[in-house]
Amino acid sequence: MTVNSIGVVGAGQMGNGIAHVMALAGYDVVLNDISEDALKRAMDLIARNMDRQVSREKITQAERDQAMARIVITQDLPQVAQTDLIIEAATEQETIKQKIFDSLLPHLGENTILTSNTSSISITRLASRTDRPEKFMGFHFMNPVPVMQLVELIRGIATDKQTYETCLGVVEKLGKTAASAEDFPAFIVNRILMPMINEAVYTLYEGVGNVNSIDQSMKLGANHPMGPLELADFIGLDTCLAIMNVLHDGLADTKYRPCPLLTKYVEAGWLGRKTQRGFYDYRGETPVPTR
């Protein structure tokens, strides 16, 4: 199947990044969100990020202008359904994702491929709610999308070969690298990464070290570019908790039990950078640890 147009549902940090790279790769993009403000913020951010790429000579001004012109924003979900391939990039809550796919189904073209950018939720289960499980798969980008080179491609039990190869072709056109993952909770990256972050939160919770010492230890002792608590704030503590809950529920192993301190931060609304407070307080000029 030839893909010329991409629909992206959700204009948050993942959705706007996906729209950015798709437009630069030459695809016509329809970016959807229920919030008009979110769509405006997304377009402003995409423009700023592309301007930065121009200033660093990663792309030309002409490429930037052509890419921006390829992105159409809309609050009308049926408009997204007219594209060749749809990437759902809404919040990491299965009920919300299911409602989006339920709303899209009556308007889809016969050959439209449905995908989800989910970090952890069962692709087979999401696909089973649609009329095209064979044309449904996981299309998991890493954050920030314009920078990160990996895309996880996750086949559900019914995903056919043509759908996989079509999505693989899109990844290659983006100049990124695909990793094929089986449909198990959290797939590859988050199956490994999230328990490490959760263990870092336990290390904080048990008083083994403070925020600074934990992050410094992993940056200087394991050569990680970001400490695990700093990374958790960047990802979003609500997303980290959601993925840990999927792992705990899906694999029924106590080693995946979310740390109570992570739950407490989410209950407080301290979700990391997006709310200006998490394991660090970002409201001043320099981030300050909150513990």
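D51 is partly exposed, at 35% relative accessibility. Here buried means under 20% relative accessible area, exposed over 50%, and partly exposed in between (1.4 Å probe, protein chains only). D51 pairs with R64 in a salt bridge, with the closest N and O atoms 2.9 Å apart. R64 sits in helix α3 (residues 61-70) and D51 in helix α2 (residues 36-55), 13 residues apart. Helices are DSSP runs of H or I, at least four residues, numbered from the N terminus. R64 itself is buried, at 16%.

This is a predicted model: local features need pLDDT of at least 70, side-chain atom pairs count only at pLDDT 80 or more, and totals for chains, interfaces and linings use all residues. Residues are numbered from 1 along each chain as its sequence is written, and side-chain values use heavy atoms, leaving out hydrogens and water.

The salt bridges number 12. The rule asks for a side-chain nitrogen of Lys or Arg within 4 Å of a carboxyl oxygen of Asp or Glu.

| Pair | N to O distance |
|---|---|
| R64 and D51 | 2.9 Å |
| E92 and K97 | 3.7 Å |
| E94 and R125 | 2.7 Å |

E92 is buried at 12%, and K97 is buried at 1%. E94 lies in helix α5 (residues 94-104) and R125 in helix α6 (residues 123-128), so their bridge ties together parts 31 residues apart in sequence.

The largest nonpolar core holds 39 residues. Such a core joins buried Ala, Val, Leu, Ile, Met, Phe, Trp, Tyr and Cys residues through side-chain atoms within 4.5 Å. M22, L85, F139 and F141 have the most contacts inside it. Another core, of 27 residues, lies apart from it and includes I214 and F279.

How values were computed
Helix = DSSP H or I, 4+ residues; strand = E, 2+ residues; numbered from the N terminus.
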